[in-house]
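The exercises below ask you to work through how the parts of a structure meet, and each is followed by a solution in steps. Please try each task with the structure open before reading on.

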Amino acid sequence: MALANLLASFAPACIPPEAEALRAEVKAFLGRTLAGRPAAERARTWTAFDPEFSRALAARGWVGLSIPREYGGAGLGPFHRFVLVEELLAAGAPVAAHWIADRQSAPLLLRFGTEEQKRRFLPAIAKAQLFFCIGMSEPGAGSDLAAVATRAERRPDGWRLDGRKIWTTWAHRCHWMIALVRTSGGSEDRQRGLSQFLIDLSAPGVTIRPIRLVTGDEEFSEVTFDDVHLPPEALVGREGEGWAQVTAELAFERAGPERLYSSAILLDLLAAALTRRPDPAGEELLGRLLADLATLRAMAVAVTARLAAGEAPVTAAAVLKDLGTRLEQEIPRAVAARLDPEDTDPELVQTLAFLLQLSPAFTIRGGTSEILRGMAARALGLRG
Amino acid sequence: MIEEAFERLLAREAGPAAARAAEAGDPPSDLARALVQAGFLDLMVPAAAGGAGLAPPDLLPLALAAGRHLLPLPFAETVVARAWFPGALPAGQFAVLAAPSPLVPLARIARHAVVRQGDTLALVPIEAGGADPFRTRAATVLEPGAPLAKVHGPDLEAAAAALTAARIAGLIEGAFALAQAHVTARRQFGRLLAGFQAIQQHMARAAAEAVAARAAAALAFQGPDFTLGPAAVAKVRAGQAAAAAAAILHQVHGAIGMTDEYDLGLFTRRLQESRLAFGGEAVWARRLAERRLAFGGAGHAADFVRQLGEDAHGG
């Protein structure tokens, strides 16, 4: 039974003591660095771009934690990264600048990059000198990623890139993009003929336009490539293997604690409100949301154990993200429903307002819930 | 090893037919005898008292299997009762955990119960009566006899909630298997139900609830003892999963799932019964919130849930 396989990939696991040992040091650093930061700012956490903060983390060896030492990283495993990321997100640290490079680009380059690419990029990622973004979605290719039409044509001196990427997080402040583009065939070829490239965002022909969100923030951009020259060494992995490489990359994105804590700060503000004014309905809500959070955290630790065992738990990560983002979305909705007119903490209102505006994104970014459930249904043997 | 042997025994002897026979009033004597003879009831009895000395993490897979196979005996409850009162429960006898509850599942099949008497727990013979609202051999009234033994220390409410959460997780898995078989066999509009995106999305959600229910139950089984914080997490989250999964799995079955003849009801009646047993999710959610408020404002939500896990590990 396929459900049994899915259940097995969530076999209970514990964070080993050597990884847990990192926590106190991270907590102390964040306590100092983020003291006095308002809750509404903390709620921005992995959408908040702060190069100075990222460099301070890097100075402690906490960017590129899982990059091997020979490439300038700390050479630690997924459980160390779990502890670090959990503390960063729970504290609402502004991690966006180095986030993608650390979480996705570095593991991708480690796995599929050439030795030269690893030597060139990984040490700079670990020092928080180079920030990366990911070029996946396009105006005509959102959830249907196989429909990408941005095209790299082979030239004697490399490649020529034309097309457009959209919803690219922080491209206007990043140095490099790793993009999924078409190198052969047309959109009717679907997953075939796609490749990944490293693109220098300062290259001639690259135009980046920020997109203002409903929250008023500008963390997205549209990136246009107009006859952009790419050298031969810009190709990541093998030509035509882009789809398989991207699929592996998404398991890094969806696993771990990153899909649990986006709204968790509201739980602390709710607890504080209940301490000021006890209310049984509020306590019921707080307990229910915490029970969900505790369960999801145990599931995230379990998936991290699969990563630590060298597996790519793609389906488990999809299920975790589906459930995790539902909780992240439910928290602001439910806290809004019980807002007490006699006790309106301005910080609570500010944070709640931000999360109510941002939260529709939770079940869209990194793969919509519908796509994730489709993946689960396939793993359960319900679709071909 | 124990797990496989238990699974084999239940696959052979338990399941829908045995559950129906028990519901009709036939005591599941053969099943009971098989469990006793294989030594499964003494798994958590301390080694010094002649048992296997295993801990809650070892019991979890068996408690899940008991739910999945509709075992009509309070198996996990009896394992825990025998561990708490070594040698006190007569050989071959089963017991339920009678924490405060609107109904106690399988109480009409057990002859004994663990009850709270002041600040101690007592093992007592019982006469089970009152209603059996889900036709599952539950009781709403227990008349206790004179205590056979007393013990101080174990958390009866936490254990009852934890075992119920594991039962729920197992029941969801069993119900899911029925639904999987149904949607991959039944055709409508000229194709298999499994070919419809709407059905695929339902099934993926139900599978996610099965995963969450098991993960929540596992938290309550991680330590050497059952404690209130992780047990509250388990009862709340598994209860939510029970409600969601029962609704989804009925929906994908259509009218067929509503008939008494079809097996889905055997699972969903017990899912609903388990939600009610020992109190609904809101009660347990408030218990968890009390602990969060007592935890204080210095730590954040992640610290609180991590500490629950550490408690569960006995750390």
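Two residues are counted as in contact if their C-beta atoms, placed from the backbone, lie within 7 Å. The model used throughout is a predicted one.

**Exercise 1.** Describe how domain 1 of chain A meets domain 3 of chain A, and identify which helix gives the most to the domain 1 side.

*Solution.* Begin with the bounds: the domain assignment divides chain A into domain 1 (11-131), domain 2 (134-242) and domain 3 (245-379). Next, take the separation, for which the C-alpha centres of domain 1 and domain 3 of chain A are 20 Å apart. Then count the contact, in which 24 residues of domain 1 of chain A touch 24 residues of domain 3 of chain A. On the domain 1 side, helix H4 (39-42), helix H6 (78-91) and helix H7 (96-112) of chain A supply at least two residues each, and the most comes from H6(A), with seven residues. Finally, sort that side by class, which gives 17 nonpolar, three polar and four charged residues.

**Exercise 2.** Decide whether Thr247(A) is buried, exposed or partly exposed.

*Solution.* First locate Thr247(A), which belongs to helix H9 (residues 242-254) of chain A. A residue is buried if 20 or more other C-beta atoms lie within 10 Å of its own, and exposed if 12 or fewer do. Because Thr247(A) has 14 other C-beta atoms within 10 Å, it is partly exposed.

**Exercise 3.** Carry out the analysis of Exercise 1 for the two domains of chain B, namely domain 1 (2-154) and domain 2 (168-313).

*Solution.* The contact takes 26 residues from domain 1 of chain B and 26 residues from domain 2 of chain B. On the domain 1 side, the elements giving two or more residues are helix H2 (16-23) and helix H4 (56-68) of chain B, and H4(B) gives the most, with ten residues. By class, this side of domain 1 of chain B divides into 20 nonpolar, four polar and two charged residues.

**Exercise 4.** Judge how compact chain B is for its length of 315 residues.

*Solution.* Chain B contains eleven helices and seven strands. Its radius of gyration is 19 Å, close to the 20 Å that the globule rule gives for 315 residues, so chain B is as compact as a globular protein of that length. As a further step, consider burial, where 56% of the 315 residues in chain B are buried.

Key:
Residues numbered from 1 in each chain as written. Chains lettered and ligands numbered in written order. Predicted model: local features only at pLDDT ≥ 70, side-chain atom pairs only at ≥ 80, totals over all residues. Domains from an automatic or database assignment. Helix = DSSP H or I, 4+ residues; strand = E, 2+ residues; numbered from the N terminus. Nonpolar A, V, L, I, M, F, W, Y, C, P; charged D, E, K, R; others polar. Rg over C-alpha atoms; globule rule 2.2 N^0.38 Å.
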